[in-house]
Amino acid sequence: MSVLKLVGGLLIMAATIGIGKLAAARLQNRCRMLFDLQQGLLSLASQIGYADLPLSRAMSGAAPAAGSAAPLFLAAAGALNEGQGRTAGDIWQDCLSDWQSGLRDKDIQILRALGPQLGLTGREEQLQILELTRLALAGQEKEALHYAGNFCRVWRCLSWGCGLVMVLLLL
């Protein structure tokens, strides 16, 4: 019977530690995603400002710099190539809705605010809008890094503690 208790205790500890690591990874993933979005927006601004490319080609050109956010830029580029009489802002909104990112609502709202101005203004205004969006995301990233720095450790320690308490209660 003691071997079963030992195996059960190890399984409980493994499960709670796994849950803690998963929660910490989600916090770190948000930080990475916000950074990648900023890099994608910087590259998009370069593509528009210096290469003077159409928005669909600029989006696909910005995708490699976007890292984990590349699917968003590639989906928008593909939809822009298809066109179908939709504005770039509508396409951006649809791509944001379909994209699974792990970002918070406030982060998505910042990206949604970019949509209505996307492709409707001159090059200089586009660059300003992209920079303002990037700066807003940088603020969110700073907040996310602070939050993750505090709570990743908490989740890991809490998972160990909860697992240990559960094992002790069940023994």
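This is a predicted model: local features need pLDDT of at least 70, side-chain atom pairs count only at pLDDT 80 or more; totals for chains, interfaces and linings use all residues.
**Close-up 1. The W92 and F73 ring pair.** W92 is buried, at 1% relative accessible area. Two aromatic pairs are counted in the structure. In the one shown here, the ring centres of F73 and W92 are 6.0 Å apart and the planes make an angle of 65°, so the pair is edge-to-face. Since F73 belongs to helix α3 and W92 to helix α4, the pair ties together parts that lie 19 residues apart in sequence.

**Close-up 2. The Y147 and F151 ring pair.** Here is the other view of aromatic rings, this time within helix α6. How do the rings of Y147 and F151 sit relative to each other? With centres 4.5 Å apart and planes at 35°, the pair of Y147 and F151 is tilted; the cut-offs are under 30 degrees for stacked and over 60 for edge-to-face. Y147 and F151 are four residues apart in helix α6, which places about one helical turn between them. Y147 is partly exposed at 33% relative accessibility, and F151 is partly exposed at 32%.

**Close-up 3. A nonpolar patch on the surface.** Stay with Y147 and F151 for a moment: together with V154, W155 and L158 they form a nonpolar surface patch. The accessible area of these five residues together is about 430 Å². L158 is part of helix α6, which covers residues 123–170. Is L158 buried or partly exposed? L158 is partly exposed, with 45% relative accessible area.

Close-up 4. Helix α3 runs over residues 70–82, 13 residues in total. Which residues of α3 are buried? They are A70, L72, F73, A76, A77, A79 and L80. These buried residues pack against α1, α2 (55–62) and α4 (88–98). After α3 comes G83, which has a positive phi near 70°.

Close-up 5. R30 sits in helix α1 (residues 2–49) and D107 in helix α5 (residues 105–114), so the pair links distant parts of the chain, 77 residues apart. Both R30 and D107 are buried.

Close-up 6. R32 and D36 join their side chains in a salt bridge with an N to O distance of 3.5 Å. They are four residues apart in helix α1, which separates them by about one helical turn. R32 is partly exposed, at 46% relative accessibility, whereas D36 is buried at 3%.

Close-up 7. The side chains of R134 and E131 come together in a salt bridge, 2.8 Å from N to O. Both residues belong to helix α6, three residues apart, or about one turn of the helix. R134 is buried, with a relative accessible area of 16%, because the cut-off for buried is under 20%. E131, at 31% relative accessibility, is partly exposed.

Methods
Residues are numbered from 1 along each chain as its sequence is written. Side-chain values use heavy atoms; hydrogens and water are left out. Patches are made of residues with over 30% relative accessible area and no salt bridge: like charges are joined within 9 Å, nonpolar side chains (Val, Leu, Ile, Met, Phe, Trp, Tyr) within 5 Å. Accessible areas come from the Shrake-Rupley method with a 1.4 Å probe; for residues, only the protein chains shown count as cover. A salt bridge is a side-chain nitrogen of Lys or Arg within 4 Å of a carboxyl oxygen of Asp or Glu. Helices (H or I, at least four residues) and strands (E, at least two) are DSSP runs, numbered from the N terminus. Buried means under 20% relative accessible area, exposed over 50%, partly exposed in between (1.4 Å probe, protein chains only). The expected span of a helix is 1.5 Å times one less than its number of residues. Contact means heavy atoms within 4.5 Å. Rings of Phe, Tyr and Trp (its six-membered ring) pair if their centres lie within 6.5 Å; planes under 30 degrees apart count as stacked, over 60 as edge-to-face and the rest as tilted.
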